[in-house]
Amino acid sequence: MSSAADEGESCLLSIMGDRFVGKSRLVDEAIEKAQSWGMGFTVLRSHRSETDSLTSFYPFRAIISTALRDCDAMTMRSDESFDMSGWEKEEGETDAGIVQRLIQRKILNKSDQLMLGRILPDVMNKDLLTLLRGRSPTAVIKDIAASIFKLIIPIQPVVMVFEADGNGGEIDLSSWSLIEELLTSAGKQCPQM
């Protein structure tokens, strides 16, 4: 994990097994060890059950929601032009509210809102849905990946952990396509993913 990040290479590590054999513990220990070496990874984690595999991009929901918050916090600290007077982080703030703030600060744009809305439905701007009409699934996946990179570049190095409840928590085909695109493009876009 650490050598791949040091060299700007993305990698996919798959740990599979029956329930209660210690897969999550193994991942947690590996991340903890890397953090103790000073790697400073931002850990984006999702959890799903076997019924979640029926929903496109479900494994990315918690990951993108966390990335939104981390990107917002990181870029707010570095954005001197953002007027923080009267602004307090609200408990239970919505993903949609954070996306609007990132658009206001020009971290994201309306197209990113549309693409991230494919993963987080409450972020979706329904007025922009017509822009997806006639687009190939491959083009949409590439655009979603580009929008995700805008969130994770400020918080890299990043580790994404996709967990499932034992057997039957497979990842849907759309999510696999997105994972593949993220891995393929990460070298150019986000070398420490």
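How exposed is Glu29, by its relative accessibility? At 44%, Glu29 counts as partly exposed. The model is a predicted one, and this report walks through some of its local features.

Glu29 has a charged partner. Its side chain meets that of Arg25 in a salt bridge, with 3.5 Å from N to O. Both Arg25 and Glu29 belong to helix α2, which covers residues 23-36. Four residues separate Arg25 from Glu29, about one turn of the helix. An α-helix has 3.6 residues a turn, so residues three or four places apart point the same way.

In total, the model has 10 salt bridges. A few of the others form a group of their own.

## A network around Arg101

Salt bridges link Asp72, Glu93, Arg101 and Arg105 in a network. Take Asp72 and Arg101 to begin with. Their side chains meet at 2.6 Å, N to O. Asp72 sits in helix α3 (residues 61-78), while Arg101 sits in helix α4 (residues 95-104), so this pair ties together parts that are 29 residues apart in sequence.

Arg101 also forms a salt bridge with Glu93, at 2.7 Å from N to O. How accessible are these residues? Asp72 counts as buried, because its relative accessibility is 1%. Arg101 is buried too, with a relative accessible area of 7%. Glu93 is likewise buried.

## Helix α6

Helix α6 has 16 residues. From its first C-alpha to its last it reaches 22 Å, close to the 22 Å expected at 1.5 Å a residue. Which of its residues are buried? Val140, Ile141, Ile144, Ala145, Ser147, Ile148, Phe149, Leu151 and Ile152 are.

## Where α5 crosses α6

Two packed helices are described by the angle between their axes and the distance between the axes. Here, the axes of α5 (residues 110-117) and α6 (residues 137-152) come within 9 Å. They cross at roughly 110°. That angle falls in the range from 65 to 115 degrees, so α5 is roughly perpendicular to α6.

On the α5 side, the contact involves Ser111, Asp112, Met115 and Leu116. On the α6 side, it involves Val140, Asp143, Ile144, Ser147, Ile148, Lys150 and Leu151. By class, the contact of α5 with α6 has six nonpolar, two polar and three charged residues. Some of the α6 residues in this contact are also buried, including Val140, Ile144 and Leu151.

Most residues other than glycine have a negative phi, and most peptide bonds are trans.

Is Lys106 buried or exposed? With a relative accessible area of 71%, Lys106 is exposed.

How values were computed:
Residues numbered from 1 in each chain as written. Predicted model: local features only at pLDDT ≥ 70, side-chain atom pairs only at ≥ 80, totals over all residues. Heavy atoms only, no water. Axes fitted to C-alpha atoms, helices over the stretch in contact; angles between N-to-C directions. Helix = DSSP H or I, 4+ residues; strand = E, 2+ residues; numbered from the N terminus. Parallel < 35°, antiparallel > 145°, perpendicular 65-115°, else oblique. Contact = heavy atoms within 4.5 Å. Nonpolar A, V, L, I, M, F, W, Y, C, P; charged D, E, K, R; others polar. Salt bridge = Lys/Arg side-chain N within 4 Å of Asp/Glu carboxyl O. Buried < 20%, exposed > 50% of the residue type's maximum accessible area, 1.4 Å probe, protein only. Expected span 1.5 Å × (residues − 1).
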